[in-house]
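Please read the following walk through the structure with the sequence and the model side by side.

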Amino acid sequence: MARLTKAQREWRPGMPKKRRSTKVMFASTVLLLEAFVMFFATLVVFGLRRGEFSPALILGVGIALSVVMVAACAVLNKPWGIGLGWILQLVLVLTGIFEPAMFLVGALFAVAWWYGIRTGIRLDREAAQRAREQAEWEAAHPDQASGPAQPQSP
């Protein structure tokens, strides 16, 4: 039998489902897209600048940065996770030193990161407000809080 996750082990009937952070979902999406771009940029630098840098160095650093971007998705819900994401944005922009087109690509991804974080925070705040208002309403109307009325059969 498959092992249960912590959330599955702790679940009890009637427990509300824990909401996932929109900010974390947006940030994860941007980081995963950046990981793909970093991988393909590594191949570009490998093809164009193989004579200037060691191929092992190019591939090692590029693939390592891609892996770090993917791994950073796992820590975005920690207090320092968003800071790590900002550092990775800076690193992506600085890869333009090796391939000038990456200055533009990195800047565009940094804008996408900023927008995703900003919008995600706003949406999370609105969702929390809606949840508080729903809980207040359900407390004030306990007879109607069980959900939509069931149709009566004749």
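In this predicted model, Arg-122 has a relative accessible area of 39% and is therefore classed as partly exposed, since that class lies between the limits of under 20% for buried and over 50% for exposed. Arg-122 belongs to helix 5, which spans residues 101-140. Although Arg-122 and Thr-22 are 100 residues apart in sequence, their C-alpha atoms lie 9.0 Å from each other in space.

The aromatic rings come next. A pair of aromatic rings is described by the distance between the centres and the angle between the planes. The count of aromatic pairs in this model comes to three. One of them joins Phe-39 and Phe-40, whose ring centres are 5.4 Å apart and whose planes meet at 70°, so this pair is edge-to-face. Phe-39 itself, with a relative accessible area of 33%, is partly exposed.

Another edge-to-face pair is formed by Trp-86 and Trp-113, with 6.3 Å from centre to centre and 85° between the planes. This pair links distant parts of the chain, as Trp-86 lies in helix 4 (residues 81-94) and Trp-113 in helix 5, 27 residues apart. How accessible is Trp-86, and does it count as buried or partly exposed? Trp-86 has 38% relative accessibility and so counts as partly exposed, whereas Trp-113, at 1% relative accessibility, counts as buried.

A ring also takes part in a contact with a charge: the charged end of Arg-50 is placed over the ring of Phe-46, at 4.6 Å from the centre of that ring.

Technical notes: Residues numbered from 1 in each chain as written. Predicted model: local features only at pLDDT ≥ 70, side-chain atom pairs only at ≥ 80, totals over all residues. Heavy atoms only, no water. Helix = DSSP H or I, 4+ residues; strand = E, 2+ residues; numbered from the N terminus. Buried < 20%, exposed > 50% of the residue type's maximum accessible area, 1.4 Å probe, protein only. Phe/Tyr/Trp six-rings, centres within 6.5 Å; stacked < 30°, edge-to-face > 60°. Lys NZ or Arg CZ within 6 Å of the ring centre and 35° of its normal.
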